[in-house]
Amino acid sequence: QGTAELSAAPERSAAAGRAAQLFEESFGYAPDGVWSAPGRVNIIGEHVDYQDGLCLPMAISHRCFAAAARTPTNRLRLRSAQDETVLDIDARELSAEAVTGWPAYVAGVLWALRSRISGASTRGMDIMIDGQVPLGAGLSSSAALECAAAEAIEDLLTLGTGPLDRVRAAITAETDFAGASTGGLDQSASVLSREGHALFLDCRDFSTRPVPWDLASQDLALLITDTRAEHSHVDGEYTARRADSERAAQALGVPTLRDVDPGELEQLLACIDDEVVRRRARHVITEIQRVREFDALLAAGPVREHVEELGALLNASHHSLREDYEVTVPQLDLAVDSAREAGAHGARMTGGGFGGSTIALVEATQAQAVAAEIAAAFAAQGFETPVFFLALPSEGAGQDR
Ligand code: GAF
């Protein structure tokens, strides 16, 4: 029998206070403020953001905190409560080669915003990071780090960025500075999410629309299982899938797979010679269509009224990610299968895959029992004990104090 307790994120204002205290202990003076940004789960719309697709993520209650102060220097000094690596660098001379590890996700944001920072003013700052988004769990701890940094930098240097500018700066930090060629879903969710809502995201232009997502009042819950199967994005598999999807678009003669009419799927797929590329295309095109259907069901009434159809879309998404996109691992499949056997309405992996987390749409009263079933299945297979949370739709990035 595995352990199946539901863990909770630290309470936000207490966590912000802790970050301020850590700053003071480390730098010897009080910070100017504390900013934070959340991790996310993607409810549906996986591996489509880099093909101009549609996604439906939501911010979770786990956040990354950045306590920071502006200094009358040009030094960027970074420290973290989770990692001993520190950075102390001339902020005018940032380069991807000079900064590695977690500091690249913070320094990269300052670098991405460089054209907005006037040459004359100093840009020195001290930042203490306290990341409470579980690391390597596929819950976007790196986007939370970038987005918390973007909020702090905006307020400390008064750059006049809007939320979408900060999303773009965080994306640039990740792709051009930290060197992970991800697609923008995570940063959008971290900055633009609203409490009590999921975020309908069109990755073609990063336009968004909040979608009410209040499961608790309908006695439902979204159970997150962090399978503890480690994943990494800088890893070639993600890049390989992205390249496959580009090959698919090229074979179909369209700029992106978003431009494909799902009604013509079968005829179009027949035009792709490579069997693997054909399956990759089928995933992306059908997944974008599933997001449209999911969104339409949510618009048609409360989740409770369509819970079986919504669950079926989650299941179909997982199937497609497992069979056509091949981004699952045994732990993800087991968590999904055991959640369904324990009575979940639907379940799927969430995030980039190759490890990380799953989500399951469950009756609120069943969340604990479903978690226990998953934990037991993991124990029986000799897998590491998973960690369980509830996905509570939270507020995007902002200032805490
Ligand atoms: C990761 C990436 F960072 C996102 O951009 C997205 O592609 C996701 O995997 C898959 O949907 O989280």
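How many residues surround the ligand, and which are the closest?

**View 1. Surroundings of the ligand in the predicted model.** The ligand is surrounded by 13 residues, and the closest are Glu46, Thr182, Gly183, Leu185 and Gly352; a residue is near a molecule if its C-beta atom, placed from the backbone, lies within 6 Å of it. By class, this shell holds 2 nonpolar, 8 polar and 3 charged residues, where Ala, Val, Leu, Ile, Met, Phe, Trp, Tyr, Cys and Pro count as nonpolar, Asp, Glu, Lys and Arg as charged, and the others, Gly among them, as polar. Residues are numbered from 1 along each chain as its sequence is written. Because this is a predicted model, local features need pLDDT of at least 70 and side-chain atom pairs count only at pLDDT 80 or more, whereas totals for chains, interfaces and linings use all residues.

**View 2. Crossing of helices α2 and α4.** The axes of α2 (residues 103-112) and α4 (residues 163-177) come within 8 Å and cross at roughly 115 degrees; axes are lines fitted to C-alpha atoms, for helices over the stretch in contact, and angles run from 0 to 180 degrees between N-to-C directions. Helices are DSSP runs (H or I, at least four residues), numbered from the N terminus.

**View 3. The loop around Val254.** Val254 lies in the loop between α6 (236-252) and α7 (265-269), and, leaving aside its neighbours within four places in sequence, Val254 is in contact with Ala249, Asp259 and Val260.

Notes
Helix = DSSP H or I, 4+ residues; strand = E, 2+ residues; numbered from the N terminus. Contact = placed C-beta atoms within 7 Å.
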